[in-house]
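Here's a quick walk through this one, with the structure open next to the text.

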Amino acid sequence: MNRCPCPASTGAPASAPSTAAAVVPTELLKRGQRLLEPDVYRTCLHGRAAVVKDYTRYRHTPLSLVARLLVRREARMLQRLGGWRHAPALLGTLGGLALGMEFIPGDTLSDSASYVGREVFDQLQAALNKLHSAGITHNDLHGTNVLVSAGVPVLIDFTAAWQAPRWLRNSLIARQLRRGDRANLLKLRQRLTGLAPTPEQARLAAEPAWIRRLRQAWKQCYRSLKGGR
Ligand SMILES: Nc1ncnc2c1ncn2[C@@H]1O[C@H](COP(=O)(O)OP(=O)(O)O)[C@@H](O)[C@H]1O
Ligand SMILES: [Mg+2]
C-alpha cells in the first residue's frame with residue numbers, strides 16, 4: 001500500500017495550507033500542458049496522502065476566472081460524492097486555484113489492462129448506474145480517468161461532470177450525456193478485455209438514428225467545406 005511520505009501522516013491531522021504555494025509536491029503525476037490543464041501532483045494534506053490539481057499558473061491571467069470555476073465545479077462534485085467508494089474524498093480547495101483530494105493508490109485503468117477483468121468492469125458499470133441515478137454524468141470517461149485500487153474502480157477527474165437539475169434529468173441533453181458515458185465504458189471494456197457489449201448494452205449506448213444522421217450530415221458538410229478550400 002502507498003504510504004503518505006509526510007511526517008504528519010502518522011500523527012494528528014496537520015493544518016491545511018491556504019494556498020497551493022504552501023504545498024510541497026512529492027511527485028508530479030501529470031504536467032498540465034494543454035490549455036486549462038492543471039499540474040497534478042502528489043503531496044500531503046491534513047496529514048493524509050493527497051493529490052493536488054493545481055491551476056496556479058493561470059493566476060493573474062485572463063483565464064484565472066475559468067480555472068477557478070473548474071476548481072469549484074470539481075470540488076463541489078467531489079463533495080456531493082463524499083463517502084462513496086468509487087470517488088476520491090475531497091480534502092479542500094487551496095486559494096481558489098487548486099484542489100486537494102484523497103490519493104488513491106493503484107493504477108489507471110489503461111495501465112491495468114493486463115490484469116483487470118470483467119469483475120472490475122461490472123463494478124464500474126454499477127458505479128456509473130448509481131451516478132446516473134443521482135442525475136450526474138461524468139462526461140470524460142476514459143482509461144486514465146479511472147483508477148483501480150485493490151480491485152475497486154475509482155472514478156477521478158470530475159472537471160466535466162454535470163448534475164442535471166431534477167426537472168432536466170429526462171431531457172434530451174441529459175439522456176445524450178448518459179448515453180455517452182455508457183458508450184465510453186463499453187468501448188473501454190471492449191478495448192481492455194476484448195468483451196463485446198451484450199445486445200441490451202449496445203442498445204442502451206446506441207445513438208438515436210436521427211442524431212446519427214445529423215452527425216453524418218455534419219461530417220460530410222465539414223469534409224466538403226475543407227475539401228473545397
Ligand atoms: N486522487 C488521485 N489519486 C491518485 N492519482 C490521481 C488522483 N487524481 C489524479 N491522479 C493521477 O493524475 C492523472 C491526472 O489527473 P486528472 O484528474 O485526470 O487530471 P486532468 O484533468 O489533467 O486529466 C490521472 O490520470 C491519475 O494518474
Ligand atoms: Mg484526466
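Start at leucine 90, which sits opposite methionine 101 in strand S5. Keep in mind that this is a predicted model. That pair belongs to strands S4 (residues 90-93) and S5 (residues 98-102), which run antiparallel and are joined over 3 bridges. The hairpin they form has 4 residues between the strands, and there glycine 95 adopts a positive phi near 65 degrees.

Now look at alanine 98, in S5. Setting aside neighbours within four places in sequence, what does alanine 98 contact? The list is Ala20, Val52, Lys53, Asp54, Tyr55, Thr56, Val71 and Thr93. Ala98 also turns up, together with Ala50, Val52 and Val71, among the residues with the most contacts inside the largest nonpolar core, which has 48 residues. Helix H2 (residues 118-133) makes the largest contribution to this core, with 6 residues. Because domain 1 (7-102) and domain 2 (107-214) both give residues to the core, it lies between them.

Next, the ligand. Ligand 1 is surrounded by 19 residues, and the closest are Leu29, Val51, Ile104, Thr144 and Asp157. Strands S1 (27-30), S3 (48-54) and S5 each put at least two residues into that shell. Where does the shell lie relative to the two domains? Domain 1 and domain 2 both supply residues to it, so the shell around ligand 1 lies between them.

Stepping back, the chain is split into domain 1 (7-102) and domain 2 (107-214). Their C-alpha centres are 24 Å apart, and the contact draws 10 residues from domain 1 and 10 residues from domain 2.

Finally, the chain as a whole. It has 5 helices and 10 strands, and its C-alpha atoms fill a box of roughly 60 × 45 × 40 Å along the principal axes. Of its 229 residues, 29% count as buried. Among contacts between residues at least 6 apart in sequence, 63% join residues at least 24 apart.

Notes: Residues numbered from 1 in each chain as written. Chains lettered and ligands numbered in written order. Predicted model: local features only at pLDDT ≥ 70, side-chain atom pairs only at ≥ 80, totals over all residues. Core = buried A, V, L, I, M, F, W, Y, C linked by C-beta atoms within 7 Å. Buried ≥ 20, exposed ≤ 12 C-beta atoms within 10 Å, placed from the backbone. Domains from an automatic or database assignment. Contact = placed C-beta atoms within 7 Å. Pairing = 2+ DSSP bridges. Near = placed C-beta within 6 Å.
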